[in-house]
Amino acid sequence: MIYLGIKHNIENFLYEEDDLKKLSTHELISFICHIRNWHRIYFNADYRYDGDYESRWEEYIKDYVLVKEIWPDNYPTEYYWVDEKVLRNILNTRPNIPNKEQKKQAIKKSIAENKRKVRRKLKYKR
C-alpha cells in the first residue's frame, strides 16, 4: 500500500495490485459497490455539490477511484484509493460467487436430487 499523504487532515492511501490480490473476493466486491454508490452521490446530475470536493481531490480522481473510507466521528480520517481497471481485472480472474437467484436454484436442485435418493432407500421389498 502506498501512502499518498495528508490532504485537508485526511490521510490517503493507494492499494497496489499485490495488496488487492491478497484481499478476499467479498472485500473486492464491496469496493465495487462503494464505487457505484460514491459515483451516484457525487457525480449524479441530481445531486449538486459545492464544487469544493472535486477541486480538493482532483489529483486522485483523475487516475483512481475511492473504494474505502474511515469515519470514526462524523468526519473522514482515511481514504483508500485504487485503479478501477486493476480491480476489475483481478475480479475477472476470481471464481464466480453465486447471487441470490443462483443460490436458490442450487438449493432447489440439491433438494430435488436428495428426494430421489430418499425415495429409492424407502422402497421395501415384499
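In what order do the 4 strands of the open sheet lie? In this predicted model, the order is E1-E2-E4-E3, and the pairing is mixed. Strand E1 (2-7) and strand E3 (65-70) form the edges, each pairing on one side only. From one strand to the next, the twist averages 25°. Strands of a sheet pair through backbone hydrogen bonds, either parallel or antiparallel. E3 and E4 run antiparallel and are joined by 5 bridges. Within this pairing, Ile 70 has Glu 78 in E4 as its bridge partner.

The model holds 5 aromatic pairs. One of them joins Phe 13 and Tyr 80, which are stacked, with 5.1 Å centre to centre and 20° between the planes. This pair links distant parts of the chain, since Phe 13 belongs to strand E2 and Tyr 80 to strand E4 (residues 78-82), 67 residues apart. Phe 13 has a relative accessible area of 15% and therefore counts as buried, the limit being under 20%. Tyr 80, with a relative accessible area of 11%, is likewise buried.

Another pair is formed by Tyr 79 and Trp 81. Their ring centres lie 6.3 Å apart and their planes stand at 80°, so this pair is edge-to-face; planes over 60 degrees apart fall into that class. Both Tyr 79 and Trp 81 are buried.

Tyr 80 also has a charged neighbour. The charged end of Lys 68 sits over the ring of Tyr 80, at 5.1 Å from the ring centre.

Which residues make up the aromatic cluster? Tyr 3, Phe 13, Tyr 15, Phe 31 and Tyr 80 form one cluster. Among these members, Tyr 15 is placed in the loop between strand E2 (10-14) and helix H1 (17-22).

Leaving aside residues up to four places away in sequence, Tyr 15 touches Met 1, Leu 20, Leu 23, Phe 31, Val 67, Lys 68, Tyr 80, Trp 81 and Val 82. Tyr 15 and Tyr 80 are 65 residues apart along the chain, yet their C-alpha atoms are separated by 7.0 Å.

Note on methods. Residues are numbered from 1 along each chain as its sequence is written. This is a predicted model: local features need pLDDT of at least 70, side-chain atom pairs count only at pLDDT 80 or more; totals for chains, interfaces and linings use all residues. Side-chain values use heavy atoms; hydrogens and water are left out. Helices (H or I, at least four residues) and strands (E, at least two) are DSSP runs, numbered from the N terminus. Contact means heavy atoms within 4.5 Å. Rings of Phe, Tyr and Trp (its six-membered ring) pair if their centres lie within 6.5 Å; planes under 30 degrees apart count as stacked, over 60 as edge-to-face and the rest as tilted. Buried means under 20% relative accessible area, exposed over 50%, partly exposed in between (1.4 Å probe, protein chains only). A charge sits over a ring if NZ of Lys or CZ of Arg is within 6 Å of the ring centre and within 35 degrees of the ring normal. Two strands pair if DSSP finds at least two bridges between them. Axes are lines fitted to C-alpha atoms, for helices over the stretch in contact, and angles run from 0 to 180 degrees between N-to-C directions.
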